[in-house]
Amino acid sequence: MNKQKVTDTNFLEKLDSKITPYQKIILYFGIVSTFAFGLLFFNVTISDSGDDAGYIIGAKNFLEGTSLSTWHGSFYPIFLSFFVWIFGTNVIILKFISLLLIVAHFILFYYTFKNLRIKLPVFFSLIIISLSYFILSYASYTYSEPLFMFLVILFLFCFFRFYDNYEANKLKGVFWVYLTICSILIFLVSITRNVGTGLIIAVVLFLVVDKKYTTAGLISLFFSCFYLLFGLYKKVIWNISSADMSGQLKSMSLKNFYNPNEGTENLSGFIQRFWDNSNYYFSVHLSKMFGFKPIDNFEINPIVTIGFFILFLLSIIVLFKNHKKLLFVGIYLAVIIGATFVSLQAHWKQGRLIMVHFPLIIIFLGTGLTQLFKLKILRRLQFIPILLFISIIILVSSQAIGKIDAKKFYSFLSGNKYGEFTPDWHNYLKMSEWAGKNLPAGSNVICRKPTISEIYGVDRVNFKGIFRIVYNVPDSVKAIYDKFGATHVIMGNLRSNPAKANKQTISTIRRSLSLYLQKYPASFKLIHRIGDTEPAFLFEIIKRKKVGQKDYMETIDAYLAIFPNNFNNFRKKGLFLTRNRKFKEAIPYYSYIINKKKEIPEDYISRGNCYFKLKDYNSALKDFLRATKKKNDYAIAWLNVAVCYYHLNRYSEAKDAAQKAIKLPGGQGASRILRAIK
């Protein structure tokens with residue numbers, strides 16, 4: 001009985017001792033898996049959100065000395081600028097840097113935690129990290145996540161060594177070296193992602209709990225000095241003051257980031273925001289990352305959220321005394337995830353906000369769960385965490401294999417910079433490239449996604465973004481255009497729902513153009529179109545005092561693109577071409593209206609006249625007859641029917657149509673047909 005009791009008690013420890021000799025194999029397997037899946041998930045295209053393009057442009061601007069990024073964090077564009085300096089804005093090479101950062105993160109994760117007494121959760125975490133689609137898909141984005149994860153694990157690597165040798169090295173030379181390195185890394189984390197400032201709070205809180213008050217004070221002082229020096233650098237070199245940064249705090253306090261008119265949150269609002277974010281990120285995103293939920297399932301389950309909270313609190317309790325390093329990880333996660341959930345509006349719902357913490361969540365909850373089942377009451381159930389770990393590995397690996405996209409991988413190998421973009425984006429990006437190559441150098445082009453346009457365009461023109469229109473009046477829009485010195489406008493048909501081409505598009509640019517035209521109706525000339533479906537258009541802004549015949553035609557072309565549902569514009573274009581004897585070119589404009597079932601009898605007459613001038617009497621006759629069906633007492637229609645029958649040598653029918661026409665007001669001309677027949 002005693003022997004059985006010892007076996008039950010030490011089952012997890014024995015398993016730890018059995019797998020310890022294989023830790024190098026786990027390391028090598030993980031490196032290969034991380035790199036291989038990173039390549040298989042590699043996406044050569046820029047994301048349609050534009051954030052990754054924004055980082056590249058931020059790096060380019062920093063390199064050129066024109067601006068320093070502050071909104072999402074400053075360090076990633078600074079870091080990226082080194083590679084932009086070497087390789088230019090080569091998207092694939094810059095994305096490859098992210099893959100190398102993810103691989104480096106994996107290696108550092110191994111060396112940071114390999115000496116923990118409990119091996120099983122470490123190995124479990126390493127396998128999950130090397131297989132996770134949610135982590136490895138970011139290995140080919142120029143987002144700040146890979147650098148952030150690398151810096152955090154580099155900090156933990158240094159901080160744990162500092163902590164392990166704390167008593168032996170206290171206040172000696174190596175102590176100050178480690179203290180400085182850790183302070184620099186905390187500072188870099190804080191300026192890579194704004195929420196990274198929570199790291200200094202976690203470090204101080206942990207050191208205070210561990211009664212290392214002097215060190216807590218010193219590391220706070222060092223961090224503050226670095227932060228103040230950086231603030232001075234921004235002020236002196238870039239003229240960025242703390243007042244300029246206050247906009248971020250104001251934005252965080254808004255109920256709706258996109259509609260400031262809804263006001264700011266109060267205390268109960270922030271509490272509700274914390275719960276809403278927790279509920280979504282834990283029960284949706286984190287559940288998917290563990291493989292518990294399909295990737296396309298967005299159902300919220302509060303029970304799952306509460307379950308994660310309970311497991312987290314129990315893990316803190318069981319790790320509090322004897323596992324200080326994991327305790328720090330828990331404090332860090334609580335502070336930084338809590339800050340994220342409080343500061344960001346619930347409508348963001350971006351999985352990457354919690355993905356950056358997923359590796360630490362795995363090892364923290366995995367270790368906590370393992371320790372829970374070492375408690376006397378649960379010792380006989382120690383097989384449960386083992387089965388759970390194995391199940392998660394199977395689920396995550398299946399998830400990763402299922403997300404391998406052969407087309408995307410082929411795009412990577414072929415260097416296709418447009419990848420698997422949908423037609424709306426393909427046309428928009430090709431238009432950006434065309435504008436960069438063909439417009440005069442120095443042109444200022446208004447568009448919806450300026451950073452993405454700048455990546456795909458050429459470095460000869462400037463892309464300026466309009467993201468929302470506050471005042472729906474023409475002069476407000478004109479003031480924005482004038483502020484940018486706008487010379488051209490790109491209007492795409494970017495889908496509101498990327499998965500569906502349902503004619504619901506992001507309408508910001510189209511709305512700005514329509515408002516502008518309300519007061520300045522002849523201001524745009526259509527100079528290029530790309531795409532038959534979901535097309536992109538490029539307009540030139542022209543300040544006209546008088547509108548001549550040629551100008552009128554150009555204005556109508558612009559109106560056709562901007563107002564595709566205003567059928568009167570198609571009618572005007574058809575009539576203009578008809579008057580200029582361009583009958584063949586006019587027919588499609590009348591046909592468009594007719595096919596959309598927005599026609600009037602005159603449209604059939606207009607198209608019929610074009611066919612008649614082209615001597616296609618049968619087609620002309622059909623249209624004139626349709627006009628008579630629309631309007632039976634239409635004298636001109638009956639007269640034209642008679643003329644067509646006459647040209648087709650169908651004299652009896654021509655006579656009948658002419659007699660109908662002559663009885664109607666305006667049909668006297670039919671007498672000539674009757675005389676000709678006699």
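Is phenylalanine 159 buried or exposed? Phenylalanine 159 is buried, with a relative accessible area of 1%; buried means under 20% relative accessible area, exposed over 50%, and partly exposed in between, with a 1.4 Å probe and protein chains only. The model is predicted: local features need pLDDT of at least 70 and side-chain atom pairs count only at pLDDT 80 or more, while totals for chains, interfaces and linings use all residues. Residues are numbered from 1 along each chain as its sequence is written, and side-chain values use heavy atoms, with hydrogens and water left out.

Helices (H or I, at least four residues) and strands (E, at least two) are DSSP runs, numbered from the N terminus. Because 16 of its 20 residues are buried, H9 is largely enclosed by the rest of the structure.

Threonine 112, in helix H6 (residues 91-113), is buried at 4% relative accessible area. Not counting residues up to four places away in sequence, threonine 112 touches Ile153, Leu156, Phe157 and Phe160, where contact means heavy atoms within 4.5 Å.

**Aromatic pairs**

The whole structure holds 62 aromatic pairs. Rings of Phe, Tyr and Trp (its six-membered ring) pair if their centres lie within 6.5 Å; planes under 30 degrees apart count as stacked, over 60 as edge-to-face and the rest as tilted. Two pairs are listed here.

| Pair | Centre distance | Plane angle | Class |
|---|---|---|---|
| Phenylalanine 41 and tyrosine 133 | 5.0 Å | 90° | edge-to-face |
| Phenylalanine 159 and phenylalanine 162 | 6.3 Å | 45° | tilted |

The pair of phenylalanine 41 and tyrosine 133 links distant parts of the chain, 92 residues apart. Phenylalanine 41 is buried at 5%, and tyrosine 133 counts as buried at 17% relative accessibility. Phenylalanine 159 and phenylalanine 162 are 3 residues apart in helix H9, and therefore separated by about one helical turn. Phenylalanine 162 counts as buried at 5% relative accessibility.

**The second largest pocket**

A pocket is an open set of points on a 1 Å grid over the protein atoms alone, where a 1.4 Å probe fits, with protein on both sides within 12 Å along at least five of seven lines; lining residues have an atom within 4 Å of a point. The second largest pocket is lined by 28 residues, with Asn493, Pro535, Phe537, Pro564 and Tyr592 nearest its centre. Helix H26 gives the most to this lining, with 3 residues.
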